Number of protein chains: 2
Amino acid sequence: MLRGLSADGGASRFNPLVVVELASNTKEEAIAWLLSRIRDTQQNGGVELLVEQLGPGVDAQEKENPNMFLVGATWQRLLSGAEDVGLFKEFHDGSMRGFTCANKHNFKDFKGDGDSFLSMAECQYIIKHELDTLRAKDETHVPGHNQVKLYPGKSVIRRLLSKGILIQVFPLHEKEELKRLSFSWYQKVKLSFQPLDDIRHYYGEGQALYFGFLEYFTFALVPMALIGVPYYLFDWENYDKYVIFAAFNLVWCTVILELWKRGSASLAYRWGTLSRKKAFEEPRPGFHGVLGFNSVTGREEPLYPNTKRQLRIYLVSLPFVLLCLYLSLYIMMIYFLMEGWVLSAHDAEPTFWRGILCFIPSIIYAVVIEIMNLIYRYAAEFLTEWENHRLESSYQNHLVLKVLVFNFFNCFASLFYIAFVMQDMVLLRQSLATLLITSQILNQFMEAFLPYWLQRRRNKKMIRKVQKRKTLEDKELPLADQVRLEADMSTYLGTFDDYLELFLLFGYVSLFSCVYPLAAVLVVLNNITEVYSDAFKMCRVFKRPFSDPAANIGVWQLAFEAMSVIAVVTNCSLIGMSPQVKAYFLDSDTQLILWTVAVEHGLLAFKFILTVLIPDVPKHIQINLARLEFESLEALKKKKMLEASELSKTVQ
Amino acid sequence: MLRGLSADGGASRFNPLVVVELASNTKEEAIAWLLSRIRDTQQNGGVELLVEQLGPGVDAQEKENPNMFLVGATWQRLLSGAEDVGLFKEFHDGSMRGFTCANKHNFKDFKGDGDSFLSMAECQYIIKHELDTLRAKDETHVPGHNQVKLYPGKSVIRRLLSKGILIQVFPLHEKEELKRLSFSWYQKVKLSFQPLDDIRHYYGEGQALYFGFLEYFTFALVPMALIGVPYYLFDWENYDKYVIFAAFNLVWCTVILELWKRGSASLAYRWGTLSRKKAFEEPRPGFHGVLGFNSVTGREEPLYPNTKRQLRIYLVSLPFVLLCLYLSLYIMMIYFLMEGWVLSAHDAEPTFWRGILCFIPSIIYAVVIEIMNLIYRYAAEFLTEWENHRLESSYQNHLVLKVLVFNFFNCFASLFYIAFVMQDMVLLRQSLATLLITSQILNQFMEAFLPYWLQRRRNKKMIRKVQKRKTLEDKELPLADQVRLEADMSTYLGTFDDYLELFLLFGYVSLFSCVYPLAAVLVVLNNITEVYSDAFKMCRVFKRPFSDPAANIGVWQLAFEAMSVIAVVTNCSLIGMSPQVKAYFLDSDTQLILWTVAVEHGLLAFKFILTVLIPDVPKHIQINLARLEFESLEALKKKKMLEASELSKTVQ
């Protein structure tokens with residue numbers, strides 16, 4: 001039993017951090033080769049990690065995969081790994097600096113031999129990075145698997161992953177830590193902020209930034225919600241005041257997005273990811289091409305001509321996306337046609353059954369939208385894969401762009417049609433409310449409860465199995481079973497869907513805010529439950545994800561800003577179309593439109609100026625960063641002077 | 001004679017690079033102190049430069065200032081200075097790398113003791129930088145000048161400059177080099193590109209980028225000019241085709257600005273300023289405040305609270321600028337009123353004298369505009385000075401912004417009024433042509449010929465004086481007289497006015513391009529003469545400026561882009577107002593405006609997408625930069641591995 005092994009301490013102490021699962025039909029020699037490569041010293045091209053095979057479960061059956069391995073490392077190895085990945089830790093003066101083994105004793109929490117200096121998430125990230133950089137030496141293929149080709153410098157893990165020999169690599173949960181975190185995060189019912197630092201400690205910066213953004217976004221919407229409520233309660237039809245509300249809304253959207261940049265910079269500074277340099281990205285596992293020499297690293301690796309990729313993007317992907325948008329538009333038109341028929345049929349002879357019939361088009365449309373979203377998502381992933389991007393980040397950006405545009409279109413096209421073609425504000429308000437509420441309910445259900453329920457059923461089987469053999473003397477599962485349990489959990493696919501949901505909610509709040517001021521209230525309520533359900537699913541439903549040292553929310557900042565620009569256009573148009581504003585320009589429609597356009601341009605210019613005027617990084621952090629840079633420059637200068645004076649002494 | 005002194009070589013060889021001119025009433029002890037501080041070794045807090053007093057001129061008179069000093073340095077000193085300022089030089093593999101004395105032999109043109117490795121402009125820049133970093137030690141004031149206070153760490157040169165003891169510091173011209181440069185630059189009449197590399201070699205990167213931009217801008221306008229000519233010759237009144245012209249124009253403006261970014265990155269990469277890090281900026285000479293500790297450097301220096309500066313900007317400067325804009329608008333209205341009176345008087349009774357009278361308002365308006373520009377420029381400088389910016393760059397940005405807004409308004413307000421309020425396209429075309437041509441002629445005259453003429457008169461006196469004493473055996477002036485001659489030349493105030501002129505010309509071309517396609521032709525012609533007159537004034541009229549290691553054209557890129565955004569708005573409106581387009585929407589003005597606005601938004605979105613899609617730095621330069629970074633990372637890793645293996649050997 002490994003747990004026993006890890007308790008006895010000393011030289012052979014082994015703390016399992018990461019699980020590597022190979023396919024059950026992997027050849028023995030391939031396994032032996034991989035393990036020896038992982039264990040080999042760095043001078044020999046290995047990565048010097050500790051690996052042990054996972055023992056069989058309590059109720060070992062034939063279908064259990066025996067090829068599961070636990071990976072750990074000595075503390076010395078982890079510290080040198082921390083330097084490799086460029087980890088930032090707190091220095092004794094409170095600033096965050098890149099960790100180096102040479103001056104490890106100057107870091108704040110470094111005590112004794114460095115045990116407990118690195119968090120488990122950091123250790124796991126280091127191990128993942130080290131595994132990723134395990135490169136083939138002169139092997140031409142994986143031993144025992146002649147079809148899995150290798151070439152000098154190729155990342156072994158990525159090749160095994162892309163060929164299906166390596167099923168998954170995932171970090172282990174810490175049961176105690178997780179219990180503490182989940183208690184302070186979502187099990188206490190209390191009014192307080194999320195424990196962002198603990199989340200970051202357990203899940204890494206990327207996750208913590210998402211939850212930080214979710215929390216910030218919720219609080220930022222509270223003023224809009226508070227102003228929105230009296231509108232709902234008292235002046236449902238008074239457009240005059242909606243103008244003020246919309247104007248406030250537009251400025252507010254810009255301000256909160258700008259302030260988030262500052263908030264995110266503060267968080268990233270505190271966590272040491274703000275000034276951390278990005279490591280050189282490896283080609284993603286699925287990337288293929290003709291072997292050649294990388295012009296940056298000089299290493300041999302597959303190359304794929306950029307022009308070919310551009311051709312695929314502009315000649316296939318772009319037309320495909322446009323076609324999908326057209327299809328979506330077409331289906332929307334069919335929906336409105338059906339809606340019209342049904343309504344006229346109902347108006348002609350209002351019976352109960354015909355009343356029921358009224359809902360049919362909406363339901364069909366909603367279902368079709370969901371199906372289209374699903375199919376499109378697969379198509380987008382397939383296309384982006386086929387575009388053969390070299391880097392994961394570039395792949396992600398292209399995927400996000402494709403999915404974003406289509407989702408935006410699918411969700412909001414009907415609202416745009418109602419607002420600007422039909423110009424029916426009452427219908428717009430109803431549709432907006434219906435769409436918003438339905439999507440919220442669906443999301444909460446699909447995201448948290450469904451996976452949880454599935455997970456629970458699987459777990460129960462497992463636990464029952466275990467309990468058949470063991471008495472209830474200790475309630476904890478043995479490590480082997482715990483690992484197998486976690487291996488069976490769903491894989492968390494990143495923050496993509498979570499951000500996408502927030503993005504669409506932001507659209508509901510900002511695009512048509514002057515028509516439906518209650519949207520902010522609904523979104524605030526949704527976000528509060530979202531915090532809990534997201535926290536819950538992170539802790540209970542999914543495998544622990546590897547931490548990802550993000551410094552900001554990346555492409556989503558841009559997406560939200562784009563949305564707020566579109567919101568200026570829609571809101572100005574809506575205000576221009578309102579009867580109250582029209583009443584001021586009774587004599588001339590032209591004047592009205594010109595004024596609306598002028599106001600819109602003014603607002604856009606104002607937004608732009610505001611964006612420039614508010615610095616992206618708070619002053620005190622700018623000063624801290626400048627001070628660090630200055631100190632390192634001064635140190636360099638001093639060193640140079642010293643060398644020069646020593647040299648002159650030697651010469652004398 | 002110093003020239004003789006510089007020829008004898010050996011240890012005492014002194015090559016004068018920079019001239020320091022002190023006020024003639026400076027106390028002897030202050031001069032002695034300053035010279036000793038400049039000559040002192042770096043360990044003692046000096047800057048280790050060579051200084052010699054300039055001998056009297058041939059025809060020494062009482063009014064000649066005796067306190068002129070020539071500054072130079074040994075080659076060793078210059079090389080270590082090059083490392084201090086972070087100079088990039090060509091490495092033996094053709095890439096540009098930061099120069100370090102440690103591996104100086106790996107740089108391409110480094111031969112022997114390093115003589116002629118640095119260009120004279122680089123040496124002068126290094127000396128200026130070293131002089132600027134000469135800091136007070138424990139002096140509380142300048143010896144002999146009790147009122148000129150000092151504190152430890154204060155830059156001595158900057159304090160002397162702000163107190164008027166130091167009149168000027170300027171680099172010397174190289175007569176031979178200048179002759180060669182000016183020959184290949186503007187004296188040969190031939191069709192070829194400017195010798196940008198030579199310009200950079202002599203004047204530094206900032207100047208070379210300006211001339212590069214001027215050249216690029218001229219070539220970029222050629223297609224527009226070529227398309228514009230047939231419009232002028234054949235279809236003067238055909239708006240239909242103007243629409244195509246304007247659309248082409250808008251896309252073209254975006255494309256050329258984006259391509260310039262790439263071109264500028266290529267130039268900056270070739271010259272080694274692209275990846276060069278900015279040094280810490282010293283406070284500008286005029287900056288004042290209460291002594292305190294700088295939070296970045298920890299040095300004692302004057303501090304000025306940012307909030308106070310913000311208050312000055314938003315409560316004084318901003319209202320002042322708005323007031324000036326209002327005044328400018330008011331004067332414009334008076335001009336149109338006068339124009340109206342005069343025209344009606346002429347129409348009522350057209351006589352010769354009343355015909356002449358018609359020109360009076362235009363002339364008065366033009367004169368008033370010029371006077372307002374002049375007064376405003378002084379006011380803007382005064383206000384920006386009063387805002388008390390700590391850094392020169394921040395001062396410059398605020399000054400540029402103030403001057404830019406006002407100049408834009410002053411030049412184009414009347415055109416906007418004619419176009420969108422009076423909607424008189426014929427008058428617009430006439431005004432545009434008149435303004436453009438007048439401003440071009442005025443500029444050429446004011447910029448080059450007037451200063452040249454003044455300069456020539458002064459020089460002639462000097463040369464006559466010298467020739468009185470000397471025979472014509474050698475035509476070269478002795479060094480002392482040459483230095484005094486250069487000290488008398490006008491000081492080049494930077495590229496501000498040159499860029500401003502280009503910016504306004506760009507406005508004439510792009511804002512109303514669909515009304516007056518010939519503008520591009522005029523601007524191209526103007527730019528061709530501009531190259532010659534600017535080159536001429538750089539070589540003959542002004543003191544040599546210190547080189548400024550710029551990586552791009554800075555805030556002007558933003559200004560040009562802003563102009564191209566405004567151009568989209570104006571051109572779309574003009575097209576929407578054209579009778580041909582109006583003919584398509586006979587039934588509904590509303591439809592026409594909505595379509596115009598839609599097209600405008602589409603174009604703006606397209607512009608934005610184009611900006612994102614075209615990478616700012618060409619691919620091959622990105623690769624080169626990434627390779628350099630990768631190499632330095634790998635070197636670091638190798639060093640670490642080596643240290644670790646040595647350590648393990650020692651332990652064993």
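A disulfide is a pair of cysteine sulfur atoms within 2.5 Å. In this predicted model, the sulfur of Cys123(B) lies 13 Å from the closest cysteine sulfur, that of Cys101(B), so the gap is too far for a bond. Cys123(B) is also buried, at 2% relative accessible area. In chain A, Cys539(A) has its closest cysteine sulfur in Cys123(A), 20 Å away, and that too is too far for a bond. Cys539(A) is buried as well, with a relative accessibility of 3%. A search of the whole structure, over all chains, returns zero disulfides.

Chains A and B meet through 33 residues of chain B in contact with 33 residues of chain A. Together the two chains bury about 2,800 Å², and 64% of that area is on carbon and sulfur atoms. Between chain B and chain A the count of salt bridges is zero, while four residue pairs are in polar contact, both residues at pLDDT 80 or more. On chain B, the elements giving two or more residues to the side that touches chain A are α3 (75-84), α10 (306-348), α20 (589-613) and α21 (619-651). Of the chain B side, α21(B) gives the most, with 11 residues.

Thr273(B) sits in the loop between α9 (239-270) and β9 (290-293). Is Thr273(B) buried or exposed? Its relative accessibility is 3%, so Thr273(B) counts as buried, the cut-off for that class being under 20%. Not counting residues up to four places away in sequence, Thr273(B) touches Glu205(B), Ala268(B), Pro549(B), Ala550(B) and Ala551(B).

Asp132(B) belongs to helix α4, which covers residues 120-132 of chain B. At 14% relative accessibility, Asp132(B) counts as buried. With neighbours within four places in sequence set aside, Asp132(B) is in contact with Ser155(B), Ile157(B) and Arg158(B).

The last topic is backbone geometry. Most residues other than glycine have a negative phi. Against that background, Asn388(B) has a positive phi of about 60° although it is not a glycine. Asn388(B) is found in the loop between α12 (359-386) and α13 of chain B, and Asn388(B) is buried, with a relative accessible area of 2%. Gln423(A), also not a glycine, has a positive phi of about 50°. The place of Gln423(A) is the loop between α13 (392-422) and α14 (425-469) of chain A. Gln423(A) has a relative accessibility of 41% and therefore counts as partly exposed.

How values were computed. Residues are numbered from 1 along each chain as its sequence is written. Chains are lettered from A and ligands numbered from 1 in the order in which they are written. This is a predicted model: local features need pLDDT of at least 70, side-chain atom pairs count only at pLDDT 80 or more; totals for chains, interfaces and linings use all residues. Side-chain values use heavy atoms; hydrogens and water are left out. Helices (H or I, at least four residues) and strands (E, at least two) are DSSP runs, numbered from the N terminus. Buried means under 20% relative accessible area, exposed over 50%, partly exposed in between (1.4 Å probe, protein chains only). Contact means heavy atoms within 4.5 Å. Buried area is the accessible area (1.4 Å probe) that two parts lose on being put together, summed over both. A salt bridge is a side-chain nitrogen of Lys or Arg within 4 Å of a carboxyl oxygen of Asp or Glu. A polar contact is a pair of N or O atoms within 3.5 Å; within protein, one must be able to donate a hydrogen and the other to accept it, and residues adjacent in sequence count only if both atoms are side-chain atoms.
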